[in-house]
Amino acid sequence: MNALTLYGAEGSGSIAVEAALTLLGVPYSLIEGATWVEEAARERVATRNPMRQVPTLVFPGGEVMTESAAILIYLADAHPQARLAPAAADPARRQFLRWMIFVASAIYALHWIKPDVRRIGAPPASREKVVDAVHDRIAFCWGSMDAQLSPGRYLLGDEMSVLDLYVTVVSRFGPWRARFYEAAPKMAPVVRRVDADPRLAEFWARRFPFEGEWE
């Protein structure tokens with residue numbers, strides 16, 4: 001059986017999907033390209049995803065799946081032995097789905113504004129103010145999520161799920177980790193634990209290293 005093909009980029013939302021595939025030991029081919037800055041990368045993925053965004057996952061038969069939260073949920077459900085998501089009959093499933101969609105819609109989606117604030121009708125000259133407002137909103141949303149969770153070792157208890165991977169990656173984006181730790185003190189130890197997971201050490205170092213301003 002041919003491997004999956006993933007359109008992704010270093011330091012992007014595809015990293016959570018790549019981390020899940022790494023934990024699962026699922027082989028995949030990576031087509032690298034930062035679509036938010038490279039026209040060539042946008043054109044490459046456009047044949048598979050008219051939104052021209054990563055992550056875009058292509059199955060061996062040619063079926064395409066997009067949206068990071070959906071891909072993560074699918075991968076966890078397709079490999080139940082890995083226990084990366086609560087099962088359908090598990091009461092924790094409700095909160096798992098709730099927070100996966102919350103991170104996708106209330107937080108991750110806001111980053112789409114930042115490369116080009118004209119997308120929301122703002123003039124380019126106002127970009128700094130718009131980005132600051134976006135970061136304020138993201139910090140508020142992290143704080144709201146944190147206030148409603150009672151984490152164990154991980155966000156939903158004592159087992160890692162793809163929700164932990166998702167939050168760990170998205171919290172590395174603006175307004176970056178220092179503010180995340182301040183806004184979400186209960187989630188902070190969890191993302192640090194995922195950062196330090198030895199199963200992902202080589203992966204993090206290669207695909208989203210500890211450098212720059214995110215940490």
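Author: Before we start, a term: a residue counts as buried under 20% relative accessible area, exposed over 50%, and partly exposed in between, with a 1.4 Å probe and protein chains only. This is a predicted model, where local features need pLDDT of at least 70, side-chain atom pairs count only at pLDDT 80 or more, and totals for chains, interfaces and linings use all residues. Residues are numbered from 1 along each chain as its sequence is written, and side-chain values use heavy atoms, with hydrogens and water left out.

Reader: Fine. Asp-197, buried or exposed?

Author: Asp-197 is buried, at a relative accessible area of 6%.

Reader: Where does Asp-197 lie?

Author: In the loop between α8 (188-195) and α9 (201-207). Helices here are DSSP runs of H or I with at least four residues, strands are runs of E with at least two, and both are numbered from the N terminus.

Reader: And what does Asp-197 touch?

Author: Tyr-154 and Met-160, leaving aside residues up to four places away in sequence. Contact means heavy atoms within 4.5 Å.

Reader: Switching to the whole protein. How many helices and strands?

Author: Nine helices and four strands. Along the sequence the pattern runs β-α-β-α-β-β-α-α-α-α-α-α-α.

Reader: What share of the residues is buried?

Author: 49% of the 215 residues.

Reader: What about contacts between residues at least 6 apart in sequence?

Author: Of those, 63% join residues at least 24 apart.

Reader: Last one, what are the box dimensions?

Author: The C-alpha atoms fill roughly 50 × 40 × 30 Å, taken along the principal axes.
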